[in-house]
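This report describes a fold and some of its side-chain interactions. It begins with charged pairs and then turns to the sheet, the helices and the aromatic rings.

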Amino acid sequence: MSGDQTASPNPTMDPHQRLQMILNPGGTMTKDPYQRLQIVLNPDGTMTRLKTPETPPTSDPSPGIPVLSKDIPINQSNNTWVRLFLPREAFDNSPTKLPLVLYYHGGGFILFSAASSLFHDFCVNMATELRVIIASIEYRLAPEHRLPAAYDDAVEALHWIKTAQDDWLRKYADFSTCFIMGFSAGGSIAYHAGLRAAASADHLNPLKIRGLILQQPFFGGIPRTGSELTHINDLVLPPCITDLMWELSLPIGVDRDHEYCNAMVGGGSKLLEKIKAVGWRIFVSGCDGDTLFDRQVEFVKMCEQKGVHVSGHFGVGGFHGVEYDDPTKAKAWFRIVKDFISSC
C-alpha cells in the first residue's frame with residue numbers, strides 16, 4: 001500500500017494517545033485485530049500493510065548533525081541490511097572507540113522497519129545519550145517469512161559485522177564491547193540471537209559480546225497471565241493483538257507454547273547455560289502498565305534460578321513502548337542502560 005498516507009501524531013497529545021496512533025493508525029477501537037493494525041492477509045500468504053512514516057539516513061557530516069547514519073546491505077537475496085548510527089563526536093576524531101550495540105526494532109515480527117521514523121529517532125537519541133555506535137538491523141518480516149527467519153537474520157548480522165569492511169565500524173567501533181539489544185519483538189529476537197551466539201561465541205571473534213539488553217521483550221504463551229487479563233482492553237497492545245502477531249509469525253502448525261514464543265517453556269532454553277558460562281549479563285526492562293509485564297518478570301526469575309547474571313528494571317504505570325514516546329521516560333531509561341553498559 002505504498003500510496004497510503006499516515007497522519008502524524010500531534011506532539012501535544014497525551015503520550016499514550018500518540019503511541020496508540022502509531023500502533024493503531026486506523027484510530028478505531030474495533031475488536032478486529034486486523035482492522036486495529038490496518039493490515040490485510042492476502043490469499044497468497046503475503047500481507048498488505050499500511051504505510052508508516054520512514055526517515056532516510058543522513059551520512060553528510062554537515063555541521064549541526066549530532067548523529068550520522070547510513071544503510072549497508074547484508075544479504076541482498078533476503079533484502080536485509082543495517083542502518084549504522086555514528087555519534088558526531090566519534091567522526092570528529094574522538095581518540096576512543098565506542099561500544100557497539102546491535103539493535104532489533106519492534107513490531108510483533110510483522111510490522112515496521114529499521115527505517116521507520118519511530119525507531120530511527122530512538123536510535124539517534126540512544127547513540128547520543130549512551131555514546132555508542134548502533135547497528136540497527138533490517139530483518140525479514142512475517143507472515144511472508146515466519147520465524148525463525150528473523151532469528152536467522154539476527155545471527156547473520158552478527159557474523160556480517162565481525163568481517164564488515166565498513167570504515168565507520170573499522171575506525172570507530174570497539175568490537176571488544178558489544179551488546180545485543182531489542183525492543184518488544186526485537187527483544188525476543190535479541191534473546192534468541194544471544195542464545196545462538198553464546199553457543200558459538202568463539203566463532204564471533206573479534207566481536208566480544210558483553211550482554212543482552214531486552215527492552216519490554218515480547219514473550220508469549222497459551223495461558224493468560226494476570227497482566228494480560230488486567231490489560232485485556234489495552235489501547236496500545238491488547239492480547240488480541242499479541243495473539244494475532246504470534247499467529248502470523250510462528251511456524252504454521254505450532255502454538256504459543258513453542259520455544260520461539262514462550263521463553264519459559266520446558267524450564268527455559270538449555271542454551272542459557274552457555275550465556276552463564278561466557279559470563280554475559282542480561283538487562284530486562286518493563287513496566288506494570290504493559291500487557292507483557294508478567295512474562296517479563298517471570299523471565300527474569302527464570303534466569304536468576306539458572307544462575308545467569310540478570311538485572312530486571314520494572315517501573316510502575318507506563319505502557320508498552322513508553323520510552324519511544326515520552327522523552328522524560330526515555331532519558332531515565334538511557335541513564336539506567338548507560339550504567340548497565342558501564343558495569344559490563
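A salt bridge here is a side-chain nitrogen of Lys or Arg within 4 Å of a carboxyl oxygen of Asp or Glu. The model is predicted, and it holds 11 salt bridges. One of them joins R196 to D152, with the closest N and O atoms 2.7 Å apart. R196 belongs to helix 7 (residues 185–199) and D152 to helix 5 (residues 149–163), so the bridge links distant parts of the chain, 44 residues apart. R196 is partly exposed, with a relative accessible area of 30%, and D152 is partly exposed as well, at 31%.

R224 is partly exposed, its relative accessible area being 33%. R256 lies in the loop between helix 9 and helix 10 (272–278), 13 residues from D243. Through shared partners, R224, D243 and R256 form one network.

| Salt bridge | Closest N and O atoms |
|---|---|
| R196 and D152 | 2.7 Å |

**Sheet and helices**

Eight strands make up an open sheet with mixed pairing, in the order 3-4-6-5-7-8-9-10. Strand 3 (67–75) and strand 10 (309–315) each have a single partner strand and stand at the edges, so one side of each is left without a neighbour in the sheet. On average, neighbouring strands of this sheet are turned by 20 degrees against each other, direction ignored. Strand 4 (residues 80–87) pairs with strand 6 (residues 133–138) in the antiparallel sense, over five bridges. Within strand 6, I134 is the bridge partner of F85.

Helix 11 (residues 293–305) lies across strand 8 (209–215), strand 9 (281–287) and strand 10, at about 155 degrees to strand 9. Helix 12 (residues 327–343) lies across strand 7 (173–183), strand 8, strand 9 and strand 10, and runs at about 170 degrees to strand 9.

**Aromatic rings**

A pair of aromatic rings is described by the distance of the centres and the angle of the planes. The count of aromatic pairs comes to 20. The ring centres of F122 and W333 are 6.0 Å apart and the planes stand at 50 degrees, so this pair is tilted. F122 lies in helix 4 (residues 117–130) and W333 in helix 12, so the pair ties together parts that are 211 residues apart in sequence. F122 counts as buried at 4% relative accessibility, and W333 counts as buried at 5%.

W333 also pairs with F283: the centres are 6.3 Å apart and the planes stand at 80 degrees, so the pair is edge-to-face. This pair links strand 9, which holds F283, to helix 12, which holds W333, across 50 residues. Both F283 and W333 are buried. Ring pairs join these residues into a cluster whose members are F112, F119, F122, F179, F183, F283, Y324, W333, F334 and F340.

H105 lies in the loop between strand 5 (98–104) and helix 4. With 0% relative accessibility, H105 counts as buried. Leaving aside neighbours within four places in sequence, the contacts of H105 include F112, F119 and F183, as well as I137, E138 and Y139. Elsewhere, the charged end of K70 sits over the ring of W168, 4.4 Å from its centre.

Note on methods
Residues numbered from 1 in each chain as written. Predicted model: local features only at pLDDT ≥ 70, side-chain atom pairs only at ≥ 80, totals over all residues. Heavy atoms only, no water. Pairing = 2+ DSSP bridges. Helix = DSSP H or I, 4+ residues; strand = E, 2+ residues; numbered from the N terminus. Axes fitted to C-alpha atoms, helices over the stretch in contact; angles between N-to-C directions. Contact = heavy atoms within 4.5 Å. Phe/Tyr/Trp six-rings, centres within 6.5 Å; stacked < 30°, edge-to-face > 60°. Buried < 20%, exposed > 50% of the residue type's maximum accessible area, 1.4 Å probe, protein only. Lys NZ or Arg CZ within 6 Å of the ring centre and 35° of its normal.
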